[in-house]
Amino acid sequence: MHHSRLCTLVLDCQDIDLDTAAQFWSRALGKSIESTDEDGDGKYASLKTQGDELRILLQRVEHPSRVHLDIETDDVAAEADRLEQLGAKRIGFVKRWWVMEAPTGHRFCVVDRQGEAFGPHLNRWD
């Protein structure tokens, strides 16, 4: 048995300074900037959201800009297996998470739990 839920809206930003991107999305969405260098590697910025909202993460990427979703779980391998059984494909393992592709062609990530508690709207999978 494991748990999962939708946790993060990721704005993939190609060839743009994350400070500039964070300023735009902060103003566009009415969310203050939490960090412009979340992991200390210059690849991630985040906007401040409340505990019952999706996290909003900006990611500097080399591929064209797009939006993708993160699904958080307490068992990354089990969740990736479950999603494969539904028709998703594993694209690659990065740091601590799986990049996957839905049968519709949309990319998404399966990541470890993002906070102390899962919060509301948790799915339980046996």
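Start by selecting D17, D19, D37 and D39, which gather in a patch of negative charge on the surface. A patch here takes residues with over 30% relative accessible area and no salt bridge, joining like charges within 9 Å and nonpolar side chains (Val, Leu, Ile, Met, Phe, Trp, Tyr) within 5 Å. Asp and Glu count as negative and Lys and Arg as positive, while His and the chain ends are not counted. The place of a charge is NZ of Lys, CZ of Arg, CG of Asp or CD of Glu. Accessible areas come from the Shrake-Rupley method with a 1.4 Å probe, and for residues only the protein chains shown count as cover.

This is a predicted model, in which local features need pLDDT of at least 70 and side-chain atom pairs count only at pLDDT 80 or more, while totals for chains, interfaces and linings use all residues. Residues are numbered from 1 along each chain as its sequence is written, and side-chain values use heavy atoms, with hydrogens and water left out.

**The loop between β2 and β3**

Keep D39 selected. D39 sits in the loop between β2 (33-35) and β3 (44-47). Helices (H or I, at least four residues) and strands (E, at least two) are DSSP runs numbered from the N terminus. D39 counts as partly exposed because its relative accessibility is 43%; buried means under 20% relative accessible area, exposed over 50%, and partly exposed in between (1.4 Å probe, protein chains only).

R55 belongs to strand β4 (residues 55-61) and E38 to the loop between β2 and β3, so the pair ties together parts that are 17 residues apart in sequence. A salt bridge is a side-chain nitrogen of Lys or Arg within 4 Å of a carboxyl oxygen of Asp or Glu. R55 is partly exposed at 22% relative accessibility, and E38 is partly exposed at 32%.

Next, select D41 and K95. These two form a salt bridge whose closest N and O atoms are 3.1 Å apart. K95 lies in the loop between β6 (89-94) and β7 and D41 in the loop between β2 and β3, so this pair ties together parts that are 54 residues apart in sequence. D41 has 30% relative accessibility and counts as partly exposed; K95, at 45%, is also partly exposed. While on K95, check the backbone: phi is positive, about 55 degrees, although K95 is not a glycine.

**Other salt bridges**

The structure holds 11 salt bridges. For another, select D81 and R90, where the closest N and O atoms are 2.3 Å apart. D81 is partly exposed at 36% relative accessibility, and R90 is partly exposed with a relative accessible area of 24%.

**V99 and strand β7**

Stay on R90 and select V99, whose contacts include R90. V99 is in strand β7 (residues 97-101). Is V99 buried or exposed? V99 counts as buried because its relative accessibility is 17%. Leaving aside neighbours within four places in sequence, V99 is in contact with K89, R90, I91, G92, V94, R107, F108 and C109; contact means heavy atoms within 4.5 Å. A C-alpha to C-alpha distance drawn from V99 to K89 reads 8.8 Å, for 10 residues in sequence.

**L47 in strand β3**

Which strand holds L47? Select L47 and the strand is β3. L47 is buried, with a relative accessible area of 2%. Not counting residues up to four places away in sequence, L47 touches A22, W25, S26, L29, K31, S32, I33, E34, I56 and L58.

**Last stops on the surface**

Select D15 in the loop between β1 (2-14) and α1 (18-29). Phi of D15 is near 50 degrees, a positive value in a residue other than glycine. D15 counts as exposed because its relative accessibility is 67%.

Finish with L6, L54 and L69, a nonpolar patch on the surface with about 230 Å² of accessible area together. L69 is in strand β5 (residues 66-73) and is partly exposed, with a relative accessible area of 38%.
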